[in-house]
Amino acid sequence: MAGSNQTPYYTPTSKPSAATHPFSSWKKLNLYYSLAAVTFLCCACYYVGYLQHSNVGLRVLTKSTIASTTNCFPSHQNNTSITTSRVSSTSSTSSPLDFRTHHAADDGGAVASDDAVKIYPPCDVKYSEYTPCEDQKRSLKFKRDRLIYRERHCPEKSELLKCRIPAPYGYKNPFKWPLSRDLAWYANVPHKELTVEKAVQNWIRFEGDRFKFPGGGTMFPNGADAYIDDIGKLINLKDGSIRTAIDTGCGVASWGAYLLSRNILAMSFAPRDTHEAQVQFALERGVPALIGVIASKRLPYPSRAFDMAHCSRCLIPWGEYDGTYLIEVDRVLRPGGYWILSGPPINWRKYWKGWERTREDLNAEQSKIEQVAKSLCWKKFVEKDDIAIWQKPYNHLQCKASRQMSKNPPICPAQDPDTAWYTKIETCLTPLPEVSSEERVAGGQLEKWPKRLHAIPPRISRGTVNGVTADTFKKDSQLWKRRMSYYKTVNNQLGQPGRYRNLLDMNANLGGFAANLVDDPVWVMNIVPVEAKVNTLGVIYERGLIGTYQSWCEAMSTYPRTYDLIHADSIFTLYKDRCEMEDILLEMDRILRPEGSVIIRDDVDTLVKVKRIADGLNWDSQIVDHEDGPLEREKLLFAVKSYWTAPATQESKIS
């Protein structure tokens, strides 16, 4: 047949055989060589890329770099002007990774300008103590009834400052703990009002260039330590059953300061009032504290958080407004916890003349308090001399039975007792979790400190924290042990006593960061963002740690220069499309001390943007690899805030 000797066409059902295709063997061999060559080239490219990434890319800070940028006591005391803003660079010590996209789609010729670093100028010196959500001028717009004007009232977005808050002229690094408990530099908190008004009560004294805190108080003239000893004679402060405490109307927080040596963490708070520096002095001393007030909103803590609550002449009208304020204390007090009251009206028979009140008035006030406490099913534990102590029941079985006749206050309907961010206080009793018998502790029995730290928290073992199990908790503990070890290799001063004291974890989750620092002379304010998927703050308190709720779209209720180190895990991913990155970083800059440190964990693309803003804030920053190596997309940014102060004024020169 014509054409029978020609090579047939390739069809899906017919392939040329070796007999009819003289070049098939050569092509097959050529295919093998081609595949081998491609494989070799791919491997070579990967190897070259790996070498370039590991040797020229993200580097870990050396010990010398950390030491040179985080000197605890620099010689900057004669600073007379604001340091000129500069863009920090690490190009002299390492070649930074090129994070620009090289294979992006055509942008049509548009020119982007976001490569330029935006420089954030210093704010005016009048903002040196600016606390945005407790601004005194703004507060005057709100009702004075029940101290509502002293609650949080934050500025609108258009009012936010886009500048860096200056430290006062002459600012010095605080004294190291425990010396800082008793001393603070005058230049850091230049307020003498309390030294005059509280001179007789031995709160604070001004001597030369510093303040001294003798540990006195209105109701403890022999000192806070002796006062705590008196409390210790009435309830056990030594066996680890009491670990977390809350001090309402804390003054300069001497009560909390002296509890620290007894392994008891106190959350101290007071409003920003005419004594502007109360909470600021507490923080300067290295004592946990927040600006706050019991008014119309719940305190920003979960239910069943504190083993002990305290008020020493805090001037809160506990018996008024249907017992609203004691009802709120009951919510945050743990089953079996204690409420301690000293000052008016306790022991009024002895002090009524000095308090300049009538016997009838003081007797009526105490009767109201006793009545409210009874309605909450508290029992009067003891009253001796100037101290009265009540105890909250371990469960509500008997309480519910005894309240069949008297239902004032009523038991709250179904609600989340841990919701406490701009949440209205209700005049109803927060019900405790159900128990099967009177011997059971509602919500679960806690281990004593320090076993409490690593034991499975009852909220987790009972399955009330969505998605968190005992296995999750154990894995998280192991994860943070490894992470903290890595942190200390990058910043070796993190493990050196005295370099840091006040720490902030902006997204604490289960408190793993803080748990790995309990053996160091530091404390950590654990923040659970309001926007977090799971509310874990109750777990943090069950571990014997402290913290608060916060939305980072707003400013924190604290003074500038509160924290020595800020840790932020995935904060910018959490707040993407919620608020501006620069506003969060400006707030971090506000509450960070000069020469304070920052550790930020996030996706590498996010950290590149963070670093650009950090440069504009005049932070010395460096992106480093994840603890698991360079192939992880999550990276870390380590930064140090530069030292700078406001310029000298005529007033500062005179003082």
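## Terms and model

A contact means heavy atoms within 4.5 Å. Helices (H or I, at least four residues) and strands (E, at least two) are DSSP runs, numbered from the N terminus. The model is predicted: local features need pLDDT of at least 70, side-chain atom pairs count only at pLDDT 80 or more, and totals for chains, interfaces and linings use all residues. Residues are numbered from 1 along each chain as its sequence is written, and side-chain values use heavy atoms, with hydrogens and water left out.

## Overall

The protein has 20 helices and 17 strands. Of its 655 residues, 52% are buried (under 20% relative accessible area, 1.4 Å probe, protein chains only). Among contacts between residues at least 6 apart in sequence, 71% join residues at least 24 apart.

## Helix α10

Helix α10 covers residues 359-375. Its 17 residues should span 24 Å at 1.5 Å a residue, and its end C-alpha atoms are 24 Å apart, which agrees. The expected span is 1.5 Å times one less than the number of residues.

L362, Q366, I369, V372, A373 and S375 are buried in α10. The buried residues of α10 pack against α8 (324-332), β8 (333-342), α9 (348-351), β9 (379-384) and β10 (387-391). Just after α10, C377 takes a positive phi of about 70°.

## Helices α18 and α19

The axes of α18 (residues 581-591) and α19 (residues 604-616) come within 10 Å and cross at roughly 55°. That makes α18 oblique to α19. Angles under 35 degrees count as roughly parallel, over 145 as roughly antiparallel, 65 to 115 as roughly perpendicular and the rest as oblique.

On the α18 side, M581, E582 and L585 meet T606, K609, V610 and I613 of α19.

How values were computed
Buried means under 20% relative accessible area, exposed over 50%, partly exposed in between (1.4 Å probe, protein chains only). Axes are lines fitted to C-alpha atoms, for helices over the stretch in contact, and angles run from 0 to 180 degrees between N-to-C directions.
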